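Trainee: Can we go through this one together? I'd like to ask things as they come up.

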Amino acid sequence: MLESIRKRAQTGKVTVPLPAGDPPAPYRGMPAIGDAFRSGSVAETCAAACATDAIDPEKRTVDLGRCVFCGLCEEACGGEGIRFSQDPRLPCGKREHLVLGGREFPTLTAAPDLRSLLGRSLHLREVSAGGCNGCDLEAQALGNPIFDLQRFGIDFVASPRHADGLLVTGPVSKNMREALFKTYDAIAEPRIVIAIGACAASGGIFRGSYAIEDGVGNILPVDLFIPGCPPHPLTLLYGILGFLGRSPGKNLRG
Amino acid sequence: MRCVHTFDLGQSAPLAEEAFRAFLRETSTGGDRLLALFAEEPSSGRFLLHALAGGAAPGRFVHACVEASPRSFRTFTDVCPGTHWFEREIYDLFGLVPEGHPELNPLRFHEGWPKKYFPLRSGGAPAPDARRGYRFLLVRGEGIHEVAVGPVHAGIIEPGHFRFSCAGETIQNLEIRLGYQHKGIESLFPGYPGMGKILLSESISGDTAVGHSTACARLLEEIVGKPADPSAERWRAAALEIERISNHCGDLGGLSTDIGYLFGAAHFGRLRGAALNLLLKIAGNRFGRGLNRIGGIGPRVPGIAPGDLVAELERLRVEVESVGTTLLDAPSVVARMEGTGRLLPHTAKTLQFVGPAARASGRDVDARRDFPSPSYGDSSPAKVLLDGGDVMARARVRFMETRSSFEWLSGILAGAPGTGTAAERVNAPVAGRRLVVSVEEGWRGEIVHAAVVDGEGRITRYKVVDPSFRNWPGLSFAVQKNVISDFPLCNKSFNLSYSGADL
């Protein structure tokens, strides 16, 4: 007992303040698109190295909804076309918000009436639907003392009846389609759906398999996609807070 | 290399059924242990069953195969109970019925799938009708009631269904129905070796990205004939041990949560994160994704100097030691974990369980010693073996294994080169039809990857065995005669992957 009290005092506060510093190198965060990607053959070099068809060499875009952040495109082009920065803040929003290099979209936030209804509280039911468990682990890490999601009034709940929305991981396996829909159905309206990770956006590395639905968007109306494979807990924090209009730099306490 | 092996399928004719049966029987009586049993359709309408075993001596692999009719084969569970789930899997993927199987419920497919759909079977021979519904074992008796849990569970975890048959609070039987995470991953591997396969392997089980991608990379390297050099292998082993430390810390935190010991939950949650951040500093991702390339490691790996990593590991070790000792010495913790969820050594041996769960029940198996990769050739982390078989033993094994890993890491990182060797692109040499196998000890137990490769160096069948697939039935045995409220604790003490089992 005394030992645990001593340890507690010794450890002090470990929670990261927001906005937080970037994760250390060689972390692969927000990809920066170089000028070379926009003209010439570099985009084709990058596309040839991509295992998930995230790069469209014709339109010269990078779809973060498909990207698994493996870094192979950067290696192939020597960083000239695409270079991964250490910034964990990734574009989140509707599916088209995740495509880099095309049209620019303003940051998506929830509708004002929904935000005023939620106030400073958001309760989510998590459903894991056919992924590898990586995104689930990072969603779970939001609850640990380092990221401490609860300080923002956001929490995960066991019952969909207690939830304001759904947080879904995975490409939606055919075997989880019914359970996912039933969970969604059990949440009172208005409800939001957040889909995290490349699988949930597009099927990710599993896209085209016989056993999956290639993303949550094919099953449910998704309000917010957060890319990553898996997204870093900071990416999740920035993504969810941004959607609630509580962007870092402003007053995060809402 | 003693962790990979190639069998020339041109040289190994299929055995007679009785000889194949004898091969499997031997794996359950000691010596070589079963690594995998899987089906293959080498030409349209013709089916082979492959069995892989080994481990009687370091680096020893043995293989046998047998022809199966397009409809069925006689079950091997009577001579080798460890084939139980493998046979159900063969039934699901190929439509070959294991005649006489004690519990032929589908593993992968649920109601709603077409009756004739077998994803890895060509249309070359008519397929039998598959049963897609699930028959739960019915327990009868006065006051017996059933409790159904899942597939969506209370926490942030993967889906699976648990059906308890209880008398009062006491669990008489637990039936585990999986398949919810089935994503058809084995169907995505065939083709020429390429980086896409390594990315796939990183997503077999998200918490074992290093273990699976290392096994996969070595298998692909064996196919193309270009092994990684010792410096790259050293970083693979270092990442593998840090992955083990991070997950064992996570599990000790999870066990603390499940008994309401918040001190352990908070600290181990934090320490797990610290270990994951070391993987990020090595490979650029918290789960070690990006570590492996075919023929070596990524060009930006390691992102941290060996000396700095040793210093960070030492800081982490001191903390894990102090929190772990406080946790496992606390009388309230011991009282709660001792005697709970006992998995008997006899059961662990008969069903050939693997990893820390087996080592907590007296089963001395460890792929780092039995199929040593280059870095484990001279020394592997100190052996941990207990025989209590309860939650306490599984917690202790985890804690003691983190100690062994820390100690071993400080040795292997001393004098490690600051960079590994980045991979080059290579093409597969032409050779005969062959079976390549690769084994590595992931944090949950031994990971087996096997590939059938055709004459042009193309993968035609890829088999993944995650340790969870081997150990799930162990949970059913461990919870028998425990109260249902102890189930979460028992479950966490195994902490098996749904994705790794469902593939």
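Trainee: In the hairpin of strand 8 and strand 9 of chain B, which residue takes a positive phi?
Mentor: That is B:G168, whose phi is positive and near 65°, in a hairpin that has 2 residues between its strands. Bear in mind throughout that this is a predicted model.

Trainee: How many bridges hold those two strands, and in which sense do they pair?
Mentor: Strand 8 of chain B and strand 9 of chain B, the latter covering residues 170-177, are antiparallel and share 7 bridges. Within that pairing, B:H161 stands opposite B:R177 of strand 9 of chain B.

Trainee: And what about strand 7 of chain B, how does it pair with strand 8?
Mentor: Strand 7 of chain B (residues 144-149) also runs antiparallel to strand 8 of chain B (residues 161-167), with 6 bridges between them. To take one position, B:V147 has B:F164 of strand 8 of chain B as its bridge partner.

Trainee: Switching to the chain contact, how many residues of chain A and chain B are involved?
Mentor: On the chain A side 48 residues are in contact with 49 residues of chain B. Helix 6 of chain A supplies the largest share of the chain A side, 6 residues, and the elements that give two or more residues include helix 1 (2-11), strand 6 (122-128) and helix 7 (177-185) of chain A.

Trainee: What's the make-up of that side by class?
Mentor: The side of chain A that touches chain B consists of 28 nonpolar, 14 polar and 6 charged residues.

Trainee: Now the largest nonpolar core, which residues touch the most other members?
Mentor: Among its 222 residues, those are A:V168, A:A195 and B:A239. The element that gives the most to this core is helix 12 of chain B (residues 391-413), with 12 residues.

Trainee: Why does the core lie between the two domains of chain A?
Mentor: Because domain 1 (31-88) and domain 2 (112-243) of chain A both give residues to this core, it lies between them.

Trainee: Going back to B:A239, what does it touch?
Mentor: Leaving aside residues up to four places away in sequence, B:A239 touches B:V210, B:L279, B:I282, B:A283, B:G288 and B:L291.

Trainee: Last topic: how far apart are the C-alpha centres of the two domains of chain A, and how many residues are in contact?
Mentor: The C-alpha centres of domain 1 and domain 2 of chain A are 26 Å apart, and 8 residues of domain 1 are in contact with 14 residues of domain 2. On the domain 1 side, the residues that touch domain 2 of chain A divide into 5 nonpolar, 2 polar and 1 charged.

Terms used:
Residues numbered from 1 in each chain as written. Chains lettered and ligands numbered in written order. Predicted model: local features only at pLDDT ≥ 70, side-chain atom pairs only at ≥ 80, totals over all residues. Domains from an automatic or database assignment. Contact = placed C-beta atoms within 7 Å. Nonpolar A, V, L, I, M, F, W, Y, C, P; charged D, E, K, R; others polar. Core = buried A, V, L, I, M, F, W, Y, C linked by C-beta atoms within 7 Å. Buried ≥ 20, exposed ≤ 12 C-beta atoms within 10 Å, placed from the backbone. Helix = DSSP H or I, 4+ residues; strand = E, 2+ residues; numbered from the N terminus. Pairing = 2+ DSSP bridges.
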